[in-house]
Structures are given as C-alpha cells and as structure tokens.
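I opened this entry to record what I looked up in a two-chain model. The sequence and structure come first, my notes after.

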Amino acid sequence: MDTEVTEPGRIVVSGLTKRFGTVKAVDDLSFTVEPGSVTGFLGPNGAGKTTTLRCVLGLVTPSEGTATIDGRPYAELETPNRTVGALLEASSFHPARSARDHLRVYCRVAGLPGERADEVLELTGLTSAARRKAGQFSLGMRQRLGLAAALLGDPHVLVLDEPANGLDPEGIKWMRQLLRHLADQGRTILVSSHVLSEVEQTVDDVVIVNNGTLIRQGPLSELAEHHGHATLVRSPDADRLATALDGKADVQRPHDDAVRVTGMDTAAVGHLAFTEGIELHELSTETSDLEQIFFTLTGEAAPETAGQATPAGEHHDATRAGGQS
Amino acid sequence: MIRLVQAEFDKTFSTKLWLWLLLGGIALMGTFMAFTIGFDGAEGNPSPSLSTPEGKRNLFATASAANTFALLLGIIAVTGEFRHQTVTPTFLATPHRGHVVTAKLAAYAVLGIAFGLVTIVAATAIALPWLAAIDIDLSMTSSGIPGTLAGVLAAVALYALLGVGVGALVRNQIAAVVGALVYLFVLEAFMRGLPVIRDYYPYLPGGASEALTATTDPVVEFLEPWQGGALLAIYALAFGVLGTLLSVRRDVT
C-alpha cells in the first residue's frame, strides 16, 4: 500500500450527456480530475452525480460525450481492478457470503493472491468480521467492505459515491484520513457527496453540479475566497445599520436584531457602525461557511430557512441564518 | 477466462444454495423413482414394465429430476448478481460483459454435469437394492442404461446453461424463478397431457430432455436422443445469446 504511485490517473469527462427516456440526468458535462488530489464531486440529490460516476466506470453508456481514465474508456482498461477502485452502492454483496469470500471472488478475477483480501480487510478495520456473513453488517461496516473492495487492486484511481453515508463521526474521520493518505501517495480520488461539510476537510478541488450541468470547478480554497466571508452583527438598532449598509454591501436579516453582511470587511462594518453611532451587541466573522456557498451555488434553499431563500445565481446573497461551520 | 470461471465457482461454493438445490434434485428423483417402482405393473399403468429395457431406462431417466434444480441454479447465478447488486463489482472487474456470461455458461455446464453425476449415483444407490428386493434383474451396462445416463448428464448440464440464459434475459430473480417453475410444472405438464397439443411437446425443452434420456412413453413419441440433445443445446445457446444481447448490455444503475 505504501508504494509510490507514479502512473497517470487523470479522469476526463467531456461533453457527457445521459438521457433516461425523456429525462436528461446529465447534460453536456465536462470536467477533469487530476492525480494526487482529492476532488469533491458535489451537488444535491438527483443532480446527476451517480449517473456521471457510472458513466466514468462503464456501467452506464453515455447518450453523448465520453468519460476516460488514463485516456481510455473504462471498458478498454487492461486491468480495470488494478487501475480503478470504485465504491458505489452501500451494499453490493451477497448477504449470505462472508466478507472475506466476497473479496476473494474479485481477487480471483483480477488475478490477485487471496491474501490481498485479508490485507484490505485489515486496512478497513474489518479483520474481526472477515468470516461473518456480509448481510449481518451494519451500514458503516458495509461501507468499509465496499471500500475494501475498491482498494483490492491497489488502484491509482478511486471513485467513491457518497462514501460517508452511514458512517458515524468517527468513521467519517477515519475515511477522511484514509483518503488524504491515499491522495498523498499520488492517487486520483473522486468522491461524491450531497453534503459539503462531509468532505470539506478532505477535498482539494471541487466539481459542483446541479441538474446534470457543471456549476463550478476549481480549488476549494478559491471557492471560499470568492464566497466565504460574512460578518454577523447583532444590534438593538439593526434596522438603522441595515439602512446605513444599503448599497455598500449585501445585507441580510436573519433576525430582527441581526444583520448579516457579505462583500464587506468585518472591520469596515464595525467602523461604519461606530461612525453612525449604532450600539452593537455582537460583531463576528463567519470565515468558512462553505455549506452556505454550496447551497447558494446549487440554487438549493438551506434547510433551516427555506422560506427566505434567494433566487439562484445571486451568489453573494447568503440565505441562511447563523453559521454552522 | 479460466480466472473468470474459477471466480464463478468461488461465488457458487461460498453460499449454501447449491447444496439445497442438489438435495432438492435428489429428493425429487427419489420421489419419481419410488412411484415408478411402486406402481410397476399396477393395473391401468400404461408405462413399460421394469422387466423390459424400456422400463429400466425410464427408471434411470428419473435422475433428470436434477434438470429443474440445475435450471434454478443457473437462473439464480445470474439474477442473484442483479438482486444483490454484485453485478456492479462483477462488471467493474470484467467490463466485457459477454465474457462474464461466457464464464458463467462454462462454469454452470461443469456444475450441471456434477449435479447430474451425484443424482445418478443416488439413483443407482436407490434402484439397485430396491430392484434386487423385488427380484428384478438389473445390469447397469445393458438395456441401454449407459446411454440414458449419458443423456441425463447432458440434459442436466444443458438445463444449467438454459438457466444462465433465462437469468440473463429476465434479470428479475422472482419473475425468472416463478416463470421457470410455472413453465416446467404447469405449462409443460399440460402440454404433455393434452391430446393434439402433446404433438408439440417433444419440441419443447422438457420433451427434448426426455428424448435425450431415451424415455419411452405410451402416448408421446420423442425425437431421437441426439436430436433432443441438439434441440436442448439450441435452446440454451439462444437464451444465452439473447440474454447477453438484449439484457446484460443494459445500463447498470
């Protein structure tokens, strides 16, 4: 596991369209995933993430466009299990087959020694459950078994669809560390999620999709810089402050006594309040409210304040009261 | 390809299904055999007597009771992959889906022959002492019995292949299993029993299998054994090819 991976591992999705009947699940989607990084593939449920990943893995035939790994469609990879590891459904195993036997089947197909099954079971913390029937596994253990299967061929590309599903906080932490470790070895990791906060601490780059189309691709840090800063102010005279800020910054009113300011420095907000003689009870910076950005970019209303949602596209209008980051 | 076939054996023997199906086939064979011996020479039984070569061949042809269970084994081998979503890792490991079906056909031909062999051994173990007890002479190498046993092996293997083909075509496990059982035990049974319609029965898989095992029936005239074997092989291949072309290539979502 600790060998350096030097092969190229670029995933290229180009003009990908997939129609199911009259429904366009993916619509002219293009993006690239680079080796050595963890890329978060983000979007709300039904955004076309799973369909895209299944096209990349050759399980679904695109209506138009291509998806390649190492410059080839999946079906043309010579040793697919040694090139790409994938985790898709939470349970793709026979419930009456033991975890170890399940993995040994795929060792056989890939021409790997049967002991490799024990190695990945160890790596995913399932050694003690290796001989138990997989049908008795908890959701978290199923995810671990799925990940074990993905790692079987020591692949340099990993494609993981919602791997954090069903994991407890400790499991999510473990998954983060594992993905980080694997990416640091030079592997390409594409990990999908509908909840940004799940992968926020893990990913280097993001590909955000909604309704089957690309919303944004780029480094996560850039996303935060462009959209991340907000200042929360509490004041008994919040109305007057909002009026004073009008035209200078984007203003929201999460509560009667609060103003949320984006597009202006926290210090500048404080200074403005001081010069206007407005009494403040709180002045704080919300630095990394990525979940908020994510909701704004994908045009989804944040769950807590669905009623106050602003139209999609007005990126600087934050829509959620109170940071939860 | 050898690795893929071995992987199919690994899959089969890592659950207990094969054992239950094998025992089911032996139990059904035993039931058929008990009826055949128990009602031998009974008044109104038109079947040939066990003292004739035809009767002895019919007795050993009961080992083709394993057909049904080999068919189910083949069906479940394919539909189980879809039911438990193991088809995802299977196709990820072998993106060329035709190779997966081919490996299953090869593996289940071998397993079908194994089912047939075990059932024949069980049939012999029941028939030899029982016939001796009722003073019927039996030589395993005469009365055309070797031919019937070879026919049983071929029929069971071809039914296993047919199962793989049916499973590839009808990916829904419950639909495929229920459909196969209704076909075998209702539709074919009716066709075999009804006048006029029964003229077509020899051309169905059940009739082809009976031809293959050189069964003699008072009212139905079967094809020659080799013709029955060829016909059954055509059914098995047709389902396998159709299943691969029409169904297995579909998106796995």
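**Conventions.** I number residues from 1 along each chain as its sequence is written, with chains lettered from A and ligands numbered from 1 in the order in which they are written. The model is predicted, and local features need pLDDT of at least 70, side-chain atom pairs count only at pLDDT 80 or more, and totals for chains, interfaces and linings use all residues.

**Confidence, chain A.** I looked up pLDDT, the predictor's confidence in each residue, from 0 to 100. Chain A averages 82, and 85% of its residues score at least 70. For elements I used DSSP runs numbered from the N terminus: helices are H or I of at least four residues, strands E of at least two. Confidence in chain A is highest in strand β4 (residues 64-69), with a mean of 94, and lowest in helix α11 (residues 290-297), with a mean of 68. The pLDDT is below 50 over residues 1-6 of chain A, a stretch with nine contacts beyond near neighbours in sequence. It is also below 50 over residues 302-325 of chain A, where I noted 46 such contacts. A contact here is a pair of residues whose C-beta atoms, placed from the backbone, lie within 7 Å.

**Fold of chain A.** I listed 11 helices and 13 strands in chain A. Of its 325 residues, 46% are buried. The burial classes rest on other C-beta atoms within 10 Å of a residue's own, placed from the backbone: 20 or more is buried, 12 or fewer exposed, in between partly exposed. Of the contacts in chain A with a separation of 6 or more, 67% join residues 24 or more positions apart.

I then checked Asp70(A), in the loop between β4 and α2 (80-83) of chain A. Its phi is near 55°, positive in a residue other than glycine. Asp70(A) counts as buried because 20 other C-beta atoms lie within 10 Å.

**Between the chains.** The contact takes 29 residues from chain A and 24 residues from chain B. On the side of chain B, α1 (2-13) and α5 (87-93) are the elements that give two or more residues. Nonpolar means Ala, Val, Leu, Ile, Met, Phe, Trp, Tyr, Cys and Pro; charged means Asp, Glu, Lys and Arg; the others, Gly among them, are polar.

**Helices of chain B.** Helix α7 (residues 145-169) of chain B has 25 residues, of which 22 are buried. From first C-alpha to last, α7(B) reaches 36 Å, close to the 36 Å expected at 1.5 Å a residue; the expected span is 1.5 Å times one less than the number of residues.

The contact of α9(B) with α10(B) involves eight nonpolar, four polar and no charged residues.

**Two residues of chain B.** Ala214(B) is in the loop between α9 and α10 of chain B. Its phi is positive, about 55°, although it is not a glycine. Ala214(B) is buried because 24 other C-beta atoms lie within 10 Å.

Arg192(B) is in helix α8 (residues 173-193) of chain B. With 18 C-beta neighbours inside 10 Å, Arg192(B) is partly exposed. Leaving aside neighbours within four places in sequence, I found Arg192(B) in contact with Arg198(B), Tyr201(B) and Val220(B).

How values were computed
Contact = placed C-beta atoms within 7 Å.
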